[in-house]
Amino acid sequence: MSAEELADFLGVPLNTVYIWNHRHQGPRAHKVGRYLRYRWPEVEAWLDAQAVDRAV
């Protein structure tokens with residue numbers, strides 16, 4: 001998926017996706033030419049890693 005699609009999917013501004021990529025904080029990105037692309041399994045794995053443990 002594109003950076004724009006990722007931003008829409010996550011409900012964050014597009015600039016946030018670019019900042020995450022620059023800081024190596026978000027899902028793993030792949031450069032295709034001059035574009036960033038994301039794979040669904042990597043996005044899902046990153047989301048799973050962001051889960052908050054609510055056990056008290």
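This is a chat about a few contacts in a predicted model.

Student: Hi! Where does His 30 sit?

Tutor: Welcome! His 30 is part of strand 1, which covers residues 30-32. Keep in mind that the model is predicted.

Student: And is His 30 buried or exposed?

Tutor: His 30 counts as buried, because its relative accessibility is 18% and the cut-off for buried is under 20%.

Student: What does its side chain make a polar contact with?

Tutor: The partner is the side chain of Glu 42, at 2.8 Å. Leaving aside residues up to four places away in sequence, His 30 touches Tyr 35, Leu 36, Arg 37, Arg 39 and Glu 42.

Student: New topic! Which residues make up the largest nonpolar core?

Tutor: That core has 8 residues: Met 1, Ala 3, Leu 6, Ala 7, Val 17, Leu 36, Tyr 38 and Val 43. Helix 1, residues 3-10, supplies the largest share of this core, with 3 residues. As background, nonpolar side chains tend to be buried together in soluble globular proteins.

Student: What does Ala 3 touch?

Tutor: Not counting residues up to four places away in sequence, Ala 3 touches Leu 14, Val 17, Tyr 18, Leu 36, Arg 37 and Tyr 38.

Student: Okay, how many aromatic pairs are there?

Tutor: The count comes to 2 aromatic pairs. In one of them, the ring centres of Phe 9 and Trp 40 are 5.0 Å apart and the planes stand at 90°, so this pair is edge-to-face. Phe 9 belongs to helix 1 and Trp 40 to helix 3 (residues 40-49), so the pair ties together parts that are 31 residues apart in sequence.

Student: Last one: at what angle do helix 1 and helix 3 pack?

Tutor: The angle is about 35°, and the axes are 13 Å apart. Helix 1 passes helix 3 in a right-handed crossing.

Student: Which residues meet there?

Tutor: From helix 1, Leu 6, Phe 9 and Leu 10 meet Trp 40, Val 43, Trp 46 and Leu 47 of helix 3.

Note on methods. Residues numbered from 1 in each chain as written. Predicted model: local features only at pLDDT ≥ 70, side-chain atom pairs only at ≥ 80, totals over all residues. Heavy atoms only, no water. Helix = DSSP H or I, 4+ residues; strand = E, 2+ residues; numbered from the N terminus. Buried < 20%, exposed > 50% of the residue type's maximum accessible area, 1.4 Å probe, protein only. Polar contact = N/O pair within 3.5 Å; in protein donor to acceptor, adjacent residues only side chain to side chain. Contact = heavy atoms within 4.5 Å. Core = buried A, V, L, I, M, F, W, Y, C linked by side-chain atoms within 4.5 Å. Phe/Tyr/Trp six-rings, centres within 6.5 Å; stacked < 30°, edge-to-face > 60°. Axes fitted to C-alpha atoms, helices over the stretch in contact; angles between N-to-C directions. Left-handed = near helix turned anticlockwise from the far one by under 90°.
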